[in-house]
Amino acid sequence: MTTFHPIILECPQCGALMSAYELMSYTVHRSENYSDGKTEFGMPASKDISICTACRLPFWREDGRLPGDPDWEEHGDLGSVMDLHDLEWTFDDDRDEKTIAFYKDLLDNGFADTDEREVFLRVRIWWSVNDLVRHLSSWRSARNLRMLRAIIKHRREMLSLFNTYRKLFDQNLEQLIFLYIKGDDVDLLYLANMYRESGNFSKALEILDKVERKSSSWRKLKKKVGKKDGLVFNI
Ligand SMILES: [Zn+2]
């Protein structure tokens, strides 16, 4: 069962009050899991970064959380807080590129003041660059020649756009791997995938060999590493 708890947030920059919900628990109905750890469908969008409805600046949600239970008599008509998905450009054709720029700007401007927050931003940068190629259709799914041409054209365009982010992608992943290993809860399969996506296939293989439980995810990942395929995939 999914349950929400109403809370009030106070913008750390301008002091505006906004209503929000805190997720207490949720049930996954159906989800798609990707090698970079992103889960789609069935999971509520992450709300860790909120956007103030008054000054429109982003802030960490936990920094705006007012302690205790609010007086709803007094605050019953507050507007609800925004997040990334409420920004004007969220339906633009180049929203993926704008999302990458959004997180990159936050990182460059020192928005992350702890390792944990830096990991959060770097994972978002990683995911949003991967989003460019996350849902590429396979040419095998073409039902006729026209569709085949369209798929090939789209794949070529998106892969070339993805490659324009290669430098950012690699530098970001390198720093993320460093922070991830520095943290104390390392999932070897996830780490092996980070190396695979950064193009370090021998290191990915070395880590995969240390994993004791050879799950179906392990086998899929091993196959990709064997083919030297570094793209994100549905795991
Ligand atoms: Zn504000």
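Two residues are taken to be in contact if their C-beta atoms, placed from the backbone, lie within 7 Å. The structure described here is a predicted model.

The protein has nine helices and six strands. Along the principal axes, its C-alpha atoms fill a box of roughly 60 × 45 × 40 Å. Of the 235 residues in the protein, 21% are buried. Among contacts between residues at least 6 apart in sequence, 58% join residues that are at least 24 apart.

Two helix pairs that share helix 4 were examined. Helix 3 passes helix 4 in a left-handed crossing. On the helix 3 side, the contact is formed by Asp96, Thr99, Ile100, Tyr103, Lys104, Leu106 and Leu107. These residues meet Leu121, Arg124, Ile125, Ser128, Val129, Asp131 and Leu132 in helix 4. By class, the contact of helix 3 with helix 4 has eight nonpolar, two polar and four charged residues.

In the other pair, helix 4 packs with helix 6, which covers residues 166–182, at an angle of about 140°. The axes of helix 4 and helix 6 are 10 Å apart. Helix 4 and helix 6 are therefore oblique to each other. The crossing of helix 4 and helix 6 is left-handed. Helix 4 contributes Asp115, Glu118, Val119, Arg122, Val123, Ile125, Trp126 and Val129 to this contact. Their partners in helix 6 are Phe169, Asn172, Leu173, Gln175, Leu176, Leu179, Tyr180 and Lys182. Ten nonpolar, two polar and four charged residues make up the contact of helix 4 with helix 6. Ile125 and Val129 of helix 4 take part in the contact with helix 3 and also in the contact with helix 6.

Aspartate 94 lies in the loop between helix 2, residues 72–75, and helix 3. Aspartate 94 and valine 186 are 92 residues apart in sequence. In space, aspartate 94 and valine 186 are 34 Å apart, C-alpha to C-alpha.

Notes: Residues are numbered from 1 along each chain as its sequence is written. This is a predicted model: local features need pLDDT of at least 70, side-chain atom pairs count only at pLDDT 80 or more; totals for chains, interfaces and linings use all residues. A crossing is left-handed if the near helix is turned anticlockwise from the far one by less than a right angle, and right-handed if clockwise. Helices (H or I, at least four residues) and strands (E, at least two) are DSSP runs, numbered from the N terminus. Ala, Val, Leu, Ile, Met, Phe, Trp, Tyr, Cys and Pro count as nonpolar, Asp, Glu, Lys and Arg as charged, and the others, Gly among them, as polar. Axes are lines fitted to C-alpha atoms, for helices over the stretch in contact, and angles run from 0 to 180 degrees between N-to-C directions. Angles under 35 degrees count as roughly parallel, over 145 as roughly antiparallel, 65 to 115 as roughly perpendicular and the rest as oblique. A residue is buried if 20 or more other C-beta atoms lie within 10 Å of its own, exposed if 12 or fewer, and partly exposed in between; C-beta atoms are placed from the backbone.
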